[in-house]
Amino acid sequence: MTSRTTTLNPGGIASSGRGRLGDRAFRWAVAAGGITVLLILALMIGSTTLDALPVFSSQGIVDFLTGITWDPGVSRTEITGTYQAGVFMFGTLVTSLLAITLALPLSIAIALFLSDVAGPRVARPLAYLVELLAAIPSVVYGLWGLHFFAPTVLKPVAKFLSETLGFIPIFEGPVVAFNPFYAGVVLAIMILPIITAIVHEIFRAAPAAERQAAYALGATRWEVMWQVVVPRSRPGIVGATMLGLGRALGETIAIALLIGGGTTINISLFQQGESIAAKIVNTFQESAPEAIDALIALGVTLFAITIVINMAARLIVRRLGDLSGEAIS
Amino acid sequence: MRVTTESATMTTPTMTDPAVEATPSQPPEIRPPGAMVPPRPIARARDASAPRNEPEARPANPAVELSDVSIFYGAFRAVRDVSFSVPAHAITALIGPSGSGKSTLLRAINRMNDLTPGSRLDGEVRYHGTNLYRADVDPVEVRRRIGMVFQKPNPFPKSIYDNVAFGPRLNGYRDNMDELVERSLRQAALWDEVKDKLKQSGLALSGGQQQRLCIARTIAVEPEIILMDEPASALDPRSTLQIEELMAELKENYTIVIVTHNMQQAARASDRTVFLNMGDDRAGYVVEVDDTVKIFTNPREQLTEDYISGRFG
């Protein structure tokens, strides 16, 4: 031992310098990576907020968030129009909620099928196909919805719903050519693979020992799934839902193509709506500088909504995750 | 009399069943009234023509009888032509070296092997005369009557209370759940340690406590037989001793089958011992079945003596 130390490091323990340069360089390299991320984030938040600030201050933050008038001006230097985000925030939330409502149960069902019902010979290719769905670009989803899915599949469904359940305000007719319902359903298909893939992983991670314990108590396969696998996976399901919701909130192209471009709040899913992202992409090009600032203010609002939802999700996940040791109630 | 009630619910006609005829010798009912009786028959009708003769002298009133049982995983035969009986209200230990099929056999008794794709069983596993592998027997019902405690404690990530209540809730138990939970925890010798923290997660307990929680959870569905797959192998010596003492108490009410690697444990805790070995074809087979005292003091087979004296395995 002693001889080996002296051979390799003749200077002894105090003066060792070999390899330290590499360590230091590596440290700086990864630190630079971390700092770059922070810098980009700071730049983004800073510049957008700076651009949006005049809009917020001229409109008043409360009016901006709750009002429903969007009347852009044409000035290059000052804010002359009226900019209120209510209609678009409503459209964003409605389509996202509709998408989550449709996608979540289906995702859980598919994930359970893959993890606990289908054998590996069926589950493996099917799981791969589901992941493949996530790789389709959103503009393709939008065009497919526009030219095929909405007119041939969703339209009859919407007509049927408005005729039979039209007394419920959200299903009230008439059904216009493009509407939040179409956008929401296509959005559901888009976020389905993400949620399914994550939930599937979570279900697979449920220990076999717990499943066996339940079987040994006389549980049926159904009972094992609903009373062991799903409950223990609740934090993960919430997390997956929030990830899907995040994607739904920010989704732009497919929604812009399908939502209909409304200018007022319609409670009915079958009448034109507009989302934040769709409004930005649809009007950015023909807007005067002041209106562009207003669109950036919309973007900041969307960012804020996403952050709030993410933080709420973290809180929920932390509360649900407490099962692993501490008190439950 | 619990056994009478259960047998009568479960198998008709009961007159010709020796297991039922023997019930007067059973210990009296210890459970309070309102205890759960398995609601549904295990199978639609009883197989009256099942052969009942066994070459080897078998204990009176067996709870389970295995005859010519072979178990396959795909093409691989894990267990070959195993026959033995499990006496009621006693502890039967399955011992033998690794690969001799102890756990496989144990899991065959409550049809847990069904959950392993590609597994298959030849021969018969009779429970009060009914072959558990008959086509019309529902494995879910089998497992409600024949519970299982696993090698590694596996409580659910739920509260202590909910862990114990899990099985009864599945069974649609609607009586006083608090009482059933307390009784099960008492029987598992865990009540005094957890009575003030029933709402805490079962995972917060120590390993030995977790295992006793798993035993309480199994007891709560009031099975007739409890299978234990090396229940103390992951525990420290003190917890091991607690589990063994617990088993001795439980055998008054339950029939226990235990797989163990620990020779002293088998000698200390069991009444009857089945010694298995792995054959040249890598399939497990029975070398010797006898009262534990006999196996450990005066075995018939040289192989048994070699094994219990630590010469192999």
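# Chain A against chain B, and inside chain B

Me: In this predicted model, what makes Arg144(B) and Glu223(A) a salt bridge?
Reply: Their side chains meet at 3.7 Å, N to O. The cut-off is 4 Å between a Lys or Arg side-chain nitrogen and an Asp or Glu carboxyl oxygen, so the pair qualifies. Side chains of opposite charge can pair when their charged atoms come close.

Me: How many salt bridges are there between chain A and chain B?
Reply: The count is 1. Over all chains, the rule gives 24 salt bridges.

Me: What else is counted across the interface of chain A and chain B?
Reply: 4 residue pairs are in polar contact, with both residues at pLDDT 80 or more.

Me: What is the area buried between chain A and chain B, and what do carbon and sulfur atoms give?
Reply: The buried area is about 2000 Å². Carbon and sulfur atoms give 65% of it.

Me: Now chain B on its own. What does chain B contain by way of helices and strands?
Reply: There are 12 helices and 10 strands in chain B. Of its 313 residues, 59% count as buried. Chain B exposes about 12600 Å², and carbon and sulfur atoms supply 51% of that area.

Me: What share of the contacts in chain B between residues at least 6 apart in sequence join residues at least 24 apart?
Reply: The share is 71%.

Me: What happens just after α3(B)?
Reply: Arg111(B) takes a positive phi there, of about 60°.

Me: What makes Glu182(B) and Arg186(B) a salt bridge?
Reply: Their side chains come to 2.8 Å, N to O. The limit is 4 Å, so the pair passes.

Me: Where do Glu182(B) and Arg186(B) lie in helix α6 of chain B?
Reply: They are 4 residues apart in α6 (residues 177-187), which separates them by about one helical turn. An α-helix has 3.6 residues a turn, so residues three or four places apart point the same way.

Me: How do you know that Glu182(B) is partly exposed?
Reply: Its relative accessibility is 28%. Buried means under 20% and exposed means over 50%, so a value in between is partly exposed. Arg186(B), at 47%, is partly exposed too.

Me: Is Asp192(B) buried or exposed?
Reply: Asp192(B) is at 57% relative accessibility and counts as exposed. The cut-off for exposed is over 50%. Its salt-bridge partner is Lys195(B), at 3.8 Å, N to O. Lys195(B) has a relative accessible area of 39% and is partly exposed.

Me: What makes Lys251(B) and Asp271(B) a salt bridge?
Reply: Their closest N and O atoms are 2.9 Å apart. The cut-off is 4 Å, so they qualify.

Me: Why is this pair said to tie together parts of chain B?
Reply: Lys251(B) lies in the loop between α9 (237-250) and β8 (255-259), and Asp271(B) in the loop between α10 (263-269) and β9 (272-278), so the pair ties together parts 20 residues apart in sequence. Lys251(B) is partly exposed at 25% relative accessibility. Asp271(B), at 27%, is also partly exposed.

Me: How far apart are Ala109(A) and Thr196(A)?
Reply: They are 87 residues apart in sequence and 8.6 Å apart in space, C-alpha to C-alpha.

How values were computed
Residues are numbered from 1 along each chain as its sequence is written. Chains are lettered from A and ligands numbered from 1 in the order in which they are written. This is a predicted model: local features need pLDDT of at least 70, side-chain atom pairs count only at pLDDT 80 or more; totals for chains, interfaces and linings use all residues. Side-chain values use heavy atoms; hydrogens and water are left out. Buried area is the accessible area (1.4 Å probe) that two parts lose on being put together, summed over both. A polar contact is a pair of N or O atoms within 3.5 Å; within protein, one must be able to donate a hydrogen and the other to accept it, and residues adjacent in sequence count only if both atoms are side-chain atoms. Helices (H or I, at least four residues) and strands (E, at least two) are DSSP runs, numbered from the N terminus. Buried means under 20% relative accessible area, exposed over 50%, partly exposed in between (1.4 Å probe, protein chains only). Contact means heavy atoms within 4.5 Å. Accessible areas come from the Shrake-Rupley method with a 1.4 Å probe; for residues, only the protein chains shown count as cover.
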